[in-house]
Amino acid sequence: MTTWTSIVLLLGVGLLAADAAAPWWQTASFYQIYPRSFKDSDGDGVGDLNGVTEKLEYLKEIGVTATWLSPFLRSPGADFGYDISDFKDVDPLFGTMEDFENMVARAKQLNVKIILDFVPNHSSDECDWFIRSAAGEEKYKDYYIWHPGFVENGVRRPPTNWVSVFRGSAWEWHEGRQEYYLHQFHKKQPDFNFRNPVVREEMNDVLRFWLEKGVDGFRVDAIYHAFEVEADSNGNYPDEPRNDWTNDPDEYGYTHKIYTVDQPETPHLVYEWREILDQFQQDNGGDERILMVETWSPIEIVMHYYGNETAEGAQIPFNFQLISNLHYDSDAYHYEYLINNWLSLMPSGKSANWVIGNHDKNRVGSRFGADRVDLFNILLLTLPGCSITYQGEELGMLDGYISWKDTVDPQACNGYEENYMAMSRDPARTPMHWTDGKFSGFTDGETTWLPVAQDYKQRNVQTERGVALSHLNVFKRLQQLRKEPTIGQGLAEVKAISSYVLGVKRYMSGNYVYISLFNIFGYIENVNLNDVFSGLPAQFQYALVTGKSIKQLGDQVSSSSVTLMPYEAIVLRSTTTI
């Protein structure tokens with residue numbers, strides 16, 4: 001059993017006082033931009049790179065260190081940019097390479113770092129590499145996973161029972177090559193063969209290309225799908241075992257994923273890429289370039305992506321414990337467990353990261369309730385390590401309603417109208433709310449690629465700038481607090497004070513103690529901080545309040561009696577240093 005002492009010591013290894021040489025990303029505030037929905041600069045109803053450039057000053061305003069941009073490379077758009085046909089070119093829908101270069105230049109002026117979305121698992125079937133592979137060209141024939149399948153009673157069937165994330169068989173017949181190709185996602189997204197060293201070097205070259213263009217790192221998409229089990233001596237693959245909770249053979253959960261994800265070779269691919277980034281920095285100078293890795297794997301597997309005894313891995317293997325395992329009714333003990341479990345399993349000397357929203361999940365306010373928007377922003381920004389915020393979460397944006405007719409997400413469109421809302425990612429991808437004007441200030445055109453959410457007049461940048469305790473202004477105040485040495489580099493203790501209230505204590509010798517408190521449910525709660533945290537100063541003052549609060553900034557309170565309003569989250573600062 002992990003003790004609180006061991007967790008505190010573990011954090012201390014990675015956060016040794018306020019070290020001026022600490023890597024920039026270690027306590028950074030990352031902001032995910034979904035370019036299609038961020039800002040449209042040319043009136044076509046689709047966001048673009050010039051729109052991002054136009055709004056970079058907003059990122060500076062809200063204290064963002066770096067922004068990760070979802071794909072904008074050349075693509076037919078079957079999965080909205082995650083089906084790439086040219087890994088070294090900008091899709092005309094989003095602009096030109098010159099637009100990209102201008103965006104990077106402006107970001108560097110503002111000291112906002114740019115993180116590119118790197119999609120290594122698959123390409124588009126319209127990629128030149130796939131076309132040549134399908135034609136059997138010698139260099140390219142094994143760039144992808146091909147198999148002739150089997151003929152039984154005169155009927156050809158796929159090589160295995162593997163199922164696509166987007167429903168149906170993960171194998172698609174190619175008439176020209178007379179073989180099946182593997183696609184773990186859309187049938188227009190054929191999987192690369194990473195057992196082919198030529199493919200590995202091709203993707204290594206993609207990384208070098210964008211590093212030369214000035215990006216500060218990469219968010220690596222769906223890395224846990226990169227390898228499949230190796231074929232046997234006859235070139236065949238095994239079926240995956242059945243799950244018993246569905247009888248629908250087209251449902252992704254129909255099989256237990258033991259051969260198509262989380263293969264032991266996969267983390268080593270990330271180690272190779274880290275070497276490329278480190279070598280580039282060694283050759284070219286500048287700040288450390290980073291890898292942010294997306295894997296929805298069991299936590300013990302995720303930890304391998306940090307590296308091992310002989311190799312460095314990703315600086316930021318995404319921590320999806322909160323986004324995956326917290327629910328509306330989760331109590332404070334559940335929060336405490338999920339946070340401390342990551343901190344206790346994290347390898348010595350590594351840094352934590354915290355994610356609660358992204359473009360693939362319903363918005364935080366829709367999953368957990370609009371009353372908890374500030375609560376989650378405060379949690380992410382006062383825990384030790386770095387935070388990743390999805391665009392609009394700083395405003396408290398909620399899911400937009402998208403009718404079946406307007407739905408474009410293939411994950412939903414490949415299913416049925418009866419349950420499309422449960423599958424669709426469109427509601428979290430509606431256009432950003434900039435103003436209370438037409439189309440929320442997203443475009444000057446006459447249409448938008450997805451409908452604007454209905455509540456944009458209340459939840460938008462323009463309106464919230466003018467409301468003292470709006471979600472936006474609470475977020476900006478939080479970013480100021482993150483500059484305090486204790487919150488930036490101090491130790492942390494995370495404890496449930498009761499089933500209803502979570503506490504996060506941040507402390508560092510010679511500095512003030514900060515305590516974030518989170519009243520998760522809709523009841524007034526009174527807590528004695530000394531019941532769970534030892535050695536506290538007697539008096540604290542309010543360093544951050546929200547619209548739920550009845551106290552004001554600077555009000556003082558005893559550590560033995562703090563009253564919290566329903567769903568209130570606050571940050572307290574001791575009146576004396578320790």
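Guide: In this predicted model, a residue is called buried when its relative accessible area is under 20%, and exposed when that area is over 50%.

Visitor: Why is Arg-219 called buried?

Guide: Arg-219 has a relative accessible area of 1%, and since the cut-off for burial is under 20%, Arg-219 therefore counts as buried.

Visitor: What makes its pairing with Asp-117 a salt bridge?

Guide: The closest N and O atoms of Asp-117 and Arg-219 are 2.9 Å apart, while the criterion asks for a side-chain nitrogen of Lys or Arg within 4 Å of a carboxyl oxygen of Asp or Glu, so the pair qualifies as a salt bridge. Asp-117 is buried as well, with a relative accessible area of 2%.

Visitor: How do you know that this pair links distant parts of the chain?

Guide: Asp-117 belongs to strand β5 (residues 113-118) and Arg-219 to strand β11 (residues 217-220), and the two residues are 102 residues apart.

Visitor: What makes Arg-425 and Asp-79 a salt bridge, and why is each of them called buried?

Guide: Their side chains meet at 3.2 Å, N to O, which lies within the 4 Å limit. Arg-425 has 9% relative accessibility and Asp-79 has 6%; because burial requires a value under 20%, both count as buried.

Visitor: Are Glu-446 and Lys-438 buried or exposed, and what makes them a salt bridge?

Guide: Glu-446 and Lys-438 are both exposed, and their closest N and O atoms are 2.9 Å apart, a distance within the 4 Å limit.

Visitor: How do you know on which side of α5 its buried residues lie?

Guide: In α5, the residues Met-97, Asp-99, Phe-100, Met-103, Val-104, Ala-107 and Leu-110 are buried. Because they cover an arc of only 155° around the axis, they are placed on the same side of α5. Glu-98 and Gln-109, on the other side, are exposed. The buried residues of α5 pack against several elements, including α3 (49-54), α4 (56-61) and α7 (197-212).

Visitor: Why is the span of α5 called close to the expected one?

Guide: Helix α5 (residues 97-110) has 14 residues and reaches 20 Å from its first C-alpha to its last, against the 20 Å expected at 1.5 Å a residue. Just after α5, Asn-111 takes a positive phi of about 60°.

Conventions
Residues are numbered from 1 along each chain as its sequence is written. This is a predicted model: local features need pLDDT of at least 70, side-chain atom pairs count only at pLDDT 80 or more; totals for chains, interfaces and linings use all residues. Side-chain values use heavy atoms; hydrogens and water are left out. Buried means under 20% relative accessible area, exposed over 50%, partly exposed in between (1.4 Å probe, protein chains only). Helices (H or I, at least four residues) and strands (E, at least two) are DSSP runs, numbered from the N terminus. The expected span of a helix is 1.5 Å times one less than its number of residues. The arc is that of the directions from the helix axis to the C-beta atoms. Contact means heavy atoms within 4.5 Å.
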